[in-house]
Amino acid sequence: MVALGSAPRRTTQREMSMQTNRWNVLFTLALATGPLGLVACNEPAGSPGGGGAAGGSNLAELLKARNLSEADAVAALKTYTPTGKRDEYVMFASGGHGGNLIVIGVPSMRILKYVGVFTPEPWQGYGFDDGSKSVLKGGQRNGKDITWGDMHHPALSETAGDYDGQYIFVNDKASPRVAVVSLKDFTTVQIVTSNILQSEHGSTFVTPNTDYVIEGSQYPAPLGGKYADIDKYNDEYRGAGVFWKFDRQKGRLDRDKSFAIEFPPYMQDLADAGKLASDGWAFFNSINTERATGGNMEGKPPLESGASQSDMDYLHVVNWKKAEAVFAAGKAEQIGDMKVIRLQTAIDEGILYFVPEPKSPHGVDVTPDGKEIVVGGKLDTHTTVFSFEKIKALIDQKKFQGKDSYGVPILAFQDSIRGQCEIGLGPLHTQFDGQGNAYTSVFIESKVAKWSLKDLKVIEKISTHYNIGHLSAAEGDTVSPDGKYLVAMNKWAIDRFNDVGPLLPQNFQLIDLTSQKLQLLYDMPLPLGEPHYAQMIKADKLKPIDVYKPIGTDPLTEKVDPDATVGGKEKIERRQDGVHVFMTAVRSHFTPDIVRVKEGDTVHFHITNVEQAKDATHGFAIGSYNINLSLEPGEHANVTFVADKPGVYPLYCTEFCSALHLEMAGYFLVEPKDGGAAAPAGKPAAAPAAKPAVKAAPKAK
Ligand code: K7E
Ligand code: CUA
């Protein structure tokens with residue numbers, strides 16, 4: 001009678017059938033003891049759902065006491081993941097403004113980790129040691145630290161169009177940046193940026209073997225960070241698609257092998273890479289092909305109305321394989337810090353084509369077989385299904401209906417599509433299952449529409465709360481999606497949670513795709529930033545390490561750090577460039593635990609966590625110097641700073657690692673230059689009359 005959802009991965013068949021039996025028995029009992037019906041439906045909005053948690057241990061009483069319906073109980077059973085049990089899927093959600101990546105277990109919706117990417121993440125010590133600081137430095141724009149991100153689209157690395165669980169890439173729309181996160185240890189290993197773009201959005205999307213990570217621009221600007229007044233918009237402003245070459249061996253993006261393709265000054269929006277039938281091609285859609293510039297105080301229409309005049313914009317169809325060859329043949333031009341295939345070259349070489357698309361569209365999603373491209377109409381009520389075969393045939397026959405103002409060939413809309421599906425108000429993004437269904441978020445209606453790719457008919461709609469943006473289905477962007485679960489990523493929460501002031505969390509809603517009718521299972525508040533998109537991978541594809549091996553490994557090089565400290569060889573050394581402290585951490589002490597330096601010394605801490613026990617993390621903190629490291633078992637970290645303020649600074653471990661964790665502490669002593677006649681705290685010591693003699697550096701025992 002009560003169907004269980006998909007079982008947790010690690011549960012055996014036998015356990016499973018035992019559980020099913022048990023629950024069936026419980027439910028039969030529960031349903032027999034009284035009407036459960038739709039109790040919750042009559043509740044006024046905002047009433048506590050968990051009133052009277054002490055409902056006893058009888059299931060029927062419990063349901064009644066907590067105002068839960070049978071459907072609620074079924075939903076609970078489909079998501080509840082008992083202690084010690086793992087999730088079947090892992091979702092990587094963008095952290096939005098937080099500039100970090102959020103790792104979530106599905107179906108439990110438990111948050112497993114925040115991975116610092118574009119912003120420091122204190123718990124991981126990300127942005128505090130020399131290595132991660134250098135990663136963040138890669139994301140400086142014009143020499144400036146950027147202390148937030150506008151992360152939108154994570155993209156898992158793929159092999160033959162399937163998530164391979166090795167890397168994940170993310171973007172920053174505001175300050176165009178792309179980051180590489182290694183899924184070996186869930187650590188950000190690289191951030192790149194190019195001054196070719198001043199904003200981006202069609203990013204990140206990977207080609208089927210992760211040869212390239214695609215970054216498409218959003219708001220046009222002169223390429224390379226140059227200045228031109230906005231009345232030169234048509235002539236001087238441009239968009240571009242950057243193809244970052246990924247070196248899988250090194251696990252890094254290779255700037256020298258990366259290139260960009262210049263686009264007209266339309267606002268390119270989302271992008272997707274072709275696969276299988278359309279491998280070698282990429283698709284970017286666009287808004288504002290009207291080229292409105294705003295100027296609502298200068299006698300011009302506001303940008304949003306200027307940009308919504310035409311019924312059609314342009315789907316950009318890009319032959320990146322050809323672009324790669326053209327780039328290799330040296331036909332790209334250096335602009336700013338990037339090699340760019342100029343617009344005219346892209347036209348001449350057959351790299352760029354346009355197909356009209358209705359109207360100010362948003363998402364562009366290639367179907368699992370790569371044969372079709374689904375575009376969400378946003379201001380049009382349809383999703384439009386473009387046929388790659390038709391597009392390719394028109395290109396091959398050079399059958400164009402005309403050219404845009406920049407000379408880009410335009411294919412005829414009707415000849416390029418298979419058809420359209422009437423979705424509703426505000427179709428945005430589309431995901432797929434393995435059964436030929438598509439799921440499109442319908443923003444204005446706050447619904448997910450399930451529709452058939454075969455006959456382009458809506459099968460069913462389910463309400464979400466509220467204003468759904470992206471949605472993420474299990475393995476939804478691969479050549480073989482799993483279906484099963486879908487997460488609606490809602491922009492507004494309004495009445496879903498306890499009130500927490502005017503700024504509300506986002507609301508992730510888990511939807512079961514396996515039930516007879518789509519069923520909403522769970523609401524998960526996301527109170528960190530606005531995550532736009534997420535990808536969901538089968539958990540058993542992830543094979544992260546549990547400790548760093550061998551001891552002393554630098555997570556960035558994956559090799560033993562040259563300054564790794566071996567147990568028993570700890571020391572403090574004064575060198576030309578300052579004081580070097582070679583330290584180990586182990587339950588429950590740092591060695592050395594007293595470090596003496598002089599005011600003005602540059603201090604280099606080289607700290608190795610010499611443990612190999614899983615989860616035996618030590619923190620290392622020196623308050624007031626902003627030193628905060630997280631040393632995972634086997635990990636080595638370096639941190640360099642100037643001891644410019646004399647005083648006595650406790651140092652201690654910030655992870656409760658053992659019964660003697662509080663005692664895992666010591667002192668960092670910064671002797672004043674005048675040798676101890678220190679000025680009171682807060683006042684600088686008087687400059688010494690003579691240079692103090694350099695004392696021998698203290699040695700650790
Ligand atoms: Cu928010 Cu993909 Cu950036 Cu749509 S985008 S919602
Ligand atoms: Cu080490 Cu607490």
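Predicted model: local features only at pLDDT ≥ 70, side-chain atom pairs only at ≥ 80, totals over all residues.
Helices (H or I, at least four residues) and strands (E, at least two) are DSSP runs, numbered from the N terminus.

The open sheet around them has four strands in the order 18-19-20-23, with antiparallel pairing. Strand 18 (364–366) and strand 23 (417–422) are at the edges with a single partner strand each, so one side of each has no neighbour in the sheet. Going from one strand to the next, the twist averages 20 degrees. Helix 9 (residues 388–396) lies across strand 19, strand 20 (382–387) and strand 23, at about 55 degrees to strand 20. Axes are lines fitted to C-alpha atoms, for helices over the stretch in contact, and angles run from 0 to 180 degrees between N-to-C directions.

Another open sheet runs 8-9-10-11-16-15, six strands with mixed pairing. Its edges are strand 8 (200–206) and strand 15 (333–335), each with a single partner strand, so one side of each is left without a neighbour in the sheet. On average, neighbouring strands are turned by 30 degrees against each other, direction ignored.

Strand 9 (residues 212–217) and strand 10 (residues 239–247) pair in the antiparallel sense over five bridges, and I214 has F243 as its bridge partner in strand 10. Packing on this sheet is helix 7 (residues 320–328), which touches strands 9, 10, 11 (252–263) and 16 (338–341). The helix makes about 105 degrees with the direction of strand 11.

## Around ligand 1

Ligand 1 has H152, H153, H201, L270, H362, H429, G469, H470, K491 and H532 around it, counting residues with a heavy atom within 4 Å. That shell divides into one nonpolar, eight polar and one charged residue.

## A loop lysine

K569 is in the loop between strand 34 (559–560) and strand 35 (571–575). With 60% relative accessibility, K569 counts as exposed (over 50%, 1.4 Å probe, protein chains only). Its C-alpha atom is 8.0 Å from that of F582, 13 residues apart along the chain.

Mean pLDDT (the predictor's confidence in each residue, from 0 to 100) is 91 for the protein chain, with 88% of residues at 70 or more.

Residues are numbered from 1 along each chain as its sequence is written, while chains are lettered from A and ligands numbered from 1 in the order in which they are written. Local features need pLDDT of at least 70, side-chain atom pairs count only at 80 or more, and totals for chains, interfaces and linings use all residues, with side-chain values using heavy atoms and leaving out hydrogens and water.

How values were computed:
Nonpolar A, V, L, I, M, F, W, Y, C, P; charged D, E, K, R; others polar. Pairing = 2+ DSSP bridges. Contact = heavy atoms within 4.5 Å. Buried < 20%, exposed > 50% of the residue type's maximum accessible area, 1.4 Å probe, protein only.
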